[in-house]
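Hi,

Have a look at it first, then read on.

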Amino acid sequence: MPKTEADSARIAALRTRLLNWYARNRRDLPWRQSAAPYAIWVSEIMLQQTRVAVVIERYQAFMARFPTLLSLALAPEQDVLALWSGLGYYRRARMLHKAAQFVAENLGGNLPTSAGQLRTLPGIGVYTAAAIASIAHGEPVAVVDGNVERVLCRFAGWSASSGKSGGAAALRRKIENLAAKLLAPSRPGDFNQAMMELGALVCTPRNPLCADCPFAAECKTRGEHKTPRRAKMTSRAVAYALVVRMKPAASRRHSICGVRQVLLEQRSEYQSVMPGLWELPQLRSAEVPPTDLRMTLRHAIMQVNYYARIRDVAENELASLTASGGKRRWVSLTEASGMALTSLARKALTRAHLLTPPLPDPPPKL
Ligand code: SF4
């Protein structure tokens, strides 16, 4: 058989094995129950940098509140951020919201159908555009996310050093070319989802399950191999004030206990890494005397581990201990739980037994 024909037959067999494996093993995830481009878009944005188990519950709540692109476009940004709580990387929510408003105002509420047009919207990059276009519209474009990249590098036997001569960009191009070559043109959406699922369930970062892999017969490594090193985390100390007061109840019925309120602060992009979200007021100094320390929390954002010291502060100490600049509000604990809080503020208030912890994430169905 000529080389090209042999290649074509090999690739066709790989596609069939992968799609059959996917049909047997695909997880029953909530966003897979809809082929609507809007639903796929929301899920793909949420799944960037967030674990599937965390996304499942948040996705359902988000879609219940914003079931259509128009409902999202018309919502105030604070409502969108509140529903994004727990997913982190809030810039994604802001861009999603902006893009929905753009589509509602300029495109009659209809998302573009091709990957090329989708990429012109705020927050939609190459990966997300390919995912929406292939899954919702059957456009034959390959998706390359972190999972697919790992599968293909192992499959082809490429390590980080393979890209050295031309740099990481050359390796990336090789991966994209291979993904495009393997893509099943008649079922691009299923193929892309199958590749991502294979990376998530079988060709996992550690201890890949090669015995269960539909690519095993052709795989060059059949196991772990050198992959690009992750950027090193750095540490930063920060400190926040936990300020709680009892507001006398307006009605006699509640006059004995009153209403507990907490002081929250909303800071601008020049003052905070989480602009627009509600945080605890920041202390002037990250040094907190051990006797005043309520708790220490570790919280990772991008490549930084924040070690946040939380200190109980009385109202009359606010001016001397806290940094000024943000917009502050006293809010009841009930109101606070529904606000767009930073994950760190939510964590601190929960650990201080002021907010109820969210329900544990249900395990993904296998
Ligand atoms: S055989 Fe193993 S290393 Fe190769 S692609 Fe499959 S799971 Fe990954």
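Which residues in H2 meet which residues in H8? On the H2 side they are Pro37, Ile40, Trp41, Glu44 and Ile45, and on the H8 side Thr128, Ala131, Ile132, Ile135 and Ala136. Contact here means C-beta atoms, placed from the backbone, within 7 Å. The residues of this contact split into eight nonpolar, one polar and one charged. For those classes, Ala, Val, Leu, Ile, Met, Phe, Trp, Tyr, Cys and Pro count as nonpolar, Asp, Glu, Lys and Arg as charged, and the others, Gly among them, as polar.

Before going further, the ground rules. This is a predicted model: local features need pLDDT of at least 70, side-chain atom pairs count only at pLDDT 80 or more, and totals for chains, interfaces and linings use all residues. Residues are numbered from 1 along each chain as its sequence is written.

Back to the helix pair. H2 covers residues 37-47 and H8 residues 126-137; they pack at an angle of about 145°, their axes 10 Å apart. Axes are lines fitted to C-alpha atoms, for helices over the stretch in contact, with angles from 0 to 180 degrees between N-to-C directions. Helices (H or I, at least four residues) and strands (E, at least two) are DSSP runs, numbered from the N terminus.

H8 itself has twelve residues and spans 16 Å from first C-alpha to last, close to the 16 Å expected at 1.5 Å a residue (that is, 1.5 Å times one less than the number of residues). Nine of its twelve residues are buried, including Ala129, Ala130, Ala133 and Ser134. Buried means 20 or more other C-beta atoms within 10 Å of a residue's own, exposed means 12 or fewer, and partly exposed is in between. The buried residues of H8 pack against H2, H7 (115-118) and H11 (188-201). Glycine 138 follows H8 and has a positive phi, near 70°.

Then the ligand. Of the 14 residues around it, Arg154, Cys203, Cys210, Cys213 and Cys219 come nearest, where near means a C-beta atom, placed from the backbone, within 6 Å. That shell divides into ten nonpolar, two polar and two charged residues.

Serine 71 counts as partly exposed because 14 C-beta neighbours lie inside 10 Å.

Cheers

Key
Two residues are in contact if their C-beta atoms, placed from the backbone, lie within 7 Å.
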